[in-house]
Amino acid sequence: MKNNFKYLALFAAAAVFVSCENEFEDSVENGDVYTAGEADFSKYVAVGNSLTSGFADAALYVEGQQNSFPNIMAQQFELVGGGVFNQPLVNDNLGGLLLNGTQITQNRFVLAANGGIPAGPIVLNGTPTTEVTNKFTGPLNNFGVPGAKSFHLGAAGYGSVAGVATGRANPYYARFASDENATVIGDAAAANGTFFTLWIGNNDILSYATSGGSGVNRNASNAPENLNPAVYGGNDITNANVFASVYSGYVTALTANGAKGALINIPDVTSIPFFTTVPFNAIPLDAPTAAFVNQSYANYNAAIAGYGQTPLLSTEEAAARRINFAAGQNAVVILDDDLTALPNPANPSQMLPKLRQATAQDLITFPTASILGTLANPNDPTSVRGVAVPLANANVLTVREQARVKAAQDSYNATIAALAAANGLALVDAQAALRTVADTGVSFNGGVLTSTYASGGAFSLDGVHPTPRGYAFTANTILNAINSTYNSNVPSVNIGQYKSVQPSNGL
């Protein structure tokens, strides 16, 4: 038995795809006349999280920032009176950050290749040069802060350099915060933009999802502790009423001077490659090995079957918890915290583990690919992760956990839509746009943009954030909503001109 889930298999198509890419000339033709319509793009301000900053490949680096969707849009706004767009650029293309000379965030991923054949993502070697304590000064237009949740934008001290070392502040914002007690939204409003985009809320559900539902669902009730973000853990789902309260305040702040803008809703985070790349049935077994493994679960299966005959366990859950392997591809064994707690009938002082095999509806997280099928104990050949050793809760986003994510997402998006309508702002349906990329792909002159890991072109190597091509598609999606709302005709960009994932030889 061996782990057949290899990075090489993931990237086999990528080699073909990248070799066929075309480059195209700008679609903007001489003589075209573009108008701003009812909007004033002379000073564009972008507010949000990593997506607004241009974060990609698990890091913030110069090329990513230059291809952020706000920067792409700002170049198009120049055709209708848009002004200079300043970003808090980092120092290099490595992407790591330093705090007092010590590296505190990792460098970016690159796709290692051997003779042009993709071999897998690796962290780029090198010593980064972006020191958090070296404040970026000067006027800014991009207030995208990687890692920020909705309530963080209004949190005083979120950009405190002193707070970075203790984990109370965000190092990316600390680089350009106007003051130790400044807020992101305060700094953004002070920029006095004539037009803005606001895209915040993804991380309010994303960290719960990427951690396999390891956080607390603060949206489960309006208990006082759930309405107080100060007590939230990093992976908790933000309460929908908290989101609505802070988000409404941000819209008020950004429109106080009469500015127009666009509100961008929250995509379905479970459709990204981070959750769609690793199959649930990644374990190949032959018949003798399957029979051997089944023997090890015989007592567990007998105990569950017995409980299934009692009121303690439904027959449906008893059936779902039966572990059974057969020759061929098999579903992995997982821990599921939402299963019913049951005493071990052989030793009532202990509890039965909450085990079951994954189904096609469960989502295995991308980092699990690196451990799936490996030995938990190098000296025990039977300790195969995903077979004899269950995957941890953090490795899987179960159906119930997905439902919690969706419930919060739906509430956030209802708030965003209502505020857009109430304030006459453009509403960007990023949820629908990303779903199209995931379901059918998006055609462009020279290819199709999909969410397939590495080879699809839309997502960078962290499986969460877009490539430059993905950000260009995002920019077009937003521009379409802006044009529709404000009767402008800002031209879209040709996404074929922007890079997707490229293999890096010699790494």
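At 44% relative accessibility, K499 counts as partly exposed, a class that lies between buried, under 20% relative accessible area, and exposed, over 50%, as computed with a 1.4 Å probe on protein chains only. The structure is a predicted model, in which local features need pLDDT of at least 70 and side-chain atom pairs count only at pLDDT 80 or more, whereas totals for chains, interfaces and linings use all residues. Residues are numbered from 1 along each chain as its sequence is written, and side-chain values use heavy atoms, with hydrogens and water left out.

K499 forms a salt bridge with E63, the closest N and O atoms being 3.2 Å apart, where a salt bridge is defined as a side-chain nitrogen of Lys or Arg within 4 Å of a carboxyl oxygen of Asp or Glu. This pair links distant parts of the chain, 436 residues apart, since E63 is in helix α3 (residues 62-66) and K499 is in the loop between α16 (468-486) and β21 (503-505); helices (H or I, at least four residues) and strands (E, at least two) are DSSP runs numbered from the N terminus. E63 is likewise partly exposed, at 23% relative accessibility. By the salt-bridge rule the count comes to 9.

A second salt bridge joins the side chains of R435 and D268, with an N to O distance of 2.5 Å. R435 lies in helix α15 (residues 430-439) and D268 in the loop between β9 (260-264) and α10 (273-276), so the pair ties together parts that are 167 residues apart in sequence. R435 is partly exposed, with a relative accessible area of 32%, whereas D268 is buried, with a value of 17%. The two residues also belong to a network of salt bridges that links D268, R435 and D439.

In a further salt bridge, the side chains of D338 and R404 meet at 2.9 Å, N to O. Here too the pair links distant parts of the chain, with D338 in the loop between β12 (333-335) and β13 (343-344) and R404 in helix α14 (residues 399-423), 66 residues apart. D338 is partly exposed at 22% relative accessibility, and R404 is partly exposed at 25%.

Pockets were identified on a 1 Å grid over the protein atoms alone, as open sets of points where a 1.4 Å probe fits, with protein on both sides within 12 Å along at least five of seven lines, and lining residues have an atom within 4 Å of a point. The largest pocket has a volume of about 910 Å³, a volume being the space filled by probe spheres set on the points, which are joined across faces, edges and corners. Of the 33 residues that line this pocket, P146, G147, N203, L206 and S207 are the closest to its centre. The elements that give two or more residues to the lining are α6 (171-174) and α8 (203-210), and α8 gives the most, with 4 residues. By class, the lining comprises 18 nonpolar, 13 polar and 2 charged residues, where Ala, Val, Leu, Ile, Met, Phe, Trp, Tyr, Cys and Pro count as nonpolar, Asp, Glu, Lys and Arg as charged, and the others, Gly among them, as polar.

The second largest pocket has a volume of about 250 Å³ and is lined by 17 residues, of which D57, Y61, R108, S500 and Q502 lie nearest its centre. At least two lining residues are supplied by each of β4 (109-114) and β21, with β4 giving the most, 3 residues. The lining of this second largest pocket has 8 nonpolar, 5 polar and 4 charged residues.
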